[in-house]
Structures are given as structure tokens and as C-alpha cells.
Amino acid sequence: MSDKKTAIITGASGGIGAGLVEAFLREGYNVVATSLSTSRSLTASPNLVLIDGHIGKQETAAKVVEAAINNFGTIDVLVNNAGIFRTKPFIDFTTEDFNALSRPTCWDSFT
């Protein structure tokens with residue numbers, strides 16, 4: 001276990017999420033990073049654990065929390081950066097599109 005603080009960062013495979021992973025590591029944090037394809041864009045290290053999966057699914061969230069506790073002993077920060085982006089006009093949205101965008105996250109069960 002480590003005396004460092006631990007951050008969980010969702011949507012970590014690129015853009016803002018990947019930048020956040022780098023910044024937290026640079027500031028001395030342990031990081032558990034997750035996204036659909038985190039392991040393809042980042043490299044695990046002693047202070048960085050990668051979890052691939054859809055954070056909207058309970059099993060992925062459980063793996064992320066377990067990884068933080070098992071590897072680092074604590075969770076100090078959650079950056080919920082994951083999001084859904086639909087690349088079509090609003091008038092073409094289906095009921096499924098709306099439901100995906102408005103569905104509560106699985107993090108509710110951890111609070």
C-alpha cells in the first residue's frame with residue numbers, strides 16, 4: 001500500500017481524461033484509469049492501474065473501486081470524465097439515444 005492519495009479517472013483514454021491521468025501522476029497521485037480502451041492508449045505502471053470497460057456498467061465500476069482499494073488502499077478523488085457523444089443531428093435521436101444520455105451512472109450505488 002502507498003501513502004500517496006489515489007484518484008479514479010473515468011474516460012481516461014484520450015483528450016481531457018488522458019491529460020488528467022498525466023497531471024495526477026505528475027502531482028504524485030496513484031491513479032486508476034478507466035475507459036473502453038484505456039489499455040490501448042496508456043501504459044500501466046506501479047502508480048497507474050488501467051481498467052478497460054464501460055463505466056456505466058456496475059461490474060466495471062466495481063472493478064475500478066476494487067483495483068483502487070487492492071492496489072493503493074484508498075480512494076481520495078473521483079474525476080467522472082466519461083461521457084457519451086452522439087454524432088447525429090438532434091432531430092435524428094432515438095429513444096435509446098435519449099435514454100443513454102440521461103441514464104444515472106452506476107456510481108450511485110457506491111455513495
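**Notebook: surface, strand and helix**

I began with the surface. The protein chain exposes about 6700 Å², and carbon and sulfur atoms supply 53% of that. Accessible areas here come from the Shrake-Rupley method with a 1.4 Å probe, and for residues only the protein chains shown count as cover.

I noted the ground rules. This is a predicted model: local features need pLDDT of at least 70, side-chain atom pairs count only at pLDDT 80 or more, and totals for chains, interfaces and linings use all residues. Residues are numbered from 1 along each chain as its sequence is written, and side-chain values use heavy atoms, with hydrogens and water left out.

**Overall layout**

I looked up the secondary structure and found four helices and four strands. From the N terminus, the order is β-α-β-α-β-α-β-α. Helices (H or I, at least four residues) and strands (E, at least two) are DSSP runs, numbered from the N terminus.

I then checked burial. Of the 111 residues, 36% count as buried. Buried means under 20% relative accessible area, exposed means over 50%, and partly exposed lies in between (1.4 Å probe, protein chains only).

**Surface patch**

I found a nonpolar patch on the surface, formed by Phe-90, Ile-91 and Phe-98 with about 380 Å² of accessible area together. Patch residues have over 30% relative accessible area and no salt bridge; like charges are joined within 9 Å, nonpolar side chains (Val, Leu, Ile, Met, Phe, Trp, Tyr) within 5 Å. A salt bridge is a side-chain nitrogen of Lys or Arg within 4 Å of a carboxyl oxygen of Asp or Glu.

I located Phe-90 in the loop between β4 (77-79) and α4 (95-102). Phe-90 is exposed, because its relative accessible area is 60%.

**Thr-10**

I moved to strand β1 (residues 6-10), where Thr-10 sits. Thr-10 counts as buried because its relative accessible area is 0%. Its side chain makes a polar contact of 3.1 Å with the side chain of Asn-80. A polar atom of the Thr-10 side chain also lies 2.9 Å from the backbone nitrogen of Ala-82. A polar contact is a pair of N or O atoms within 3.5 Å; within protein, one must be able to donate a hydrogen and the other to accept it, and residues adjacent in sequence count only if both atoms are side-chain atoms.

**Ala-67**

I ended in helix α3 (residues 58-72), which holds Ala-67. Ala-67 is buried, with a relative accessible area of 10%. Which residues does Ala-67 contact, leaving aside its neighbours within four places in sequence? I listed Val-32, Val-49, Ile-51 and Phe-72. Contact means heavy atoms within 4.5 Å. Ala-67 and Val-49 are 18 residues apart in sequence, and their C-alpha atoms are 7.3 Å apart.
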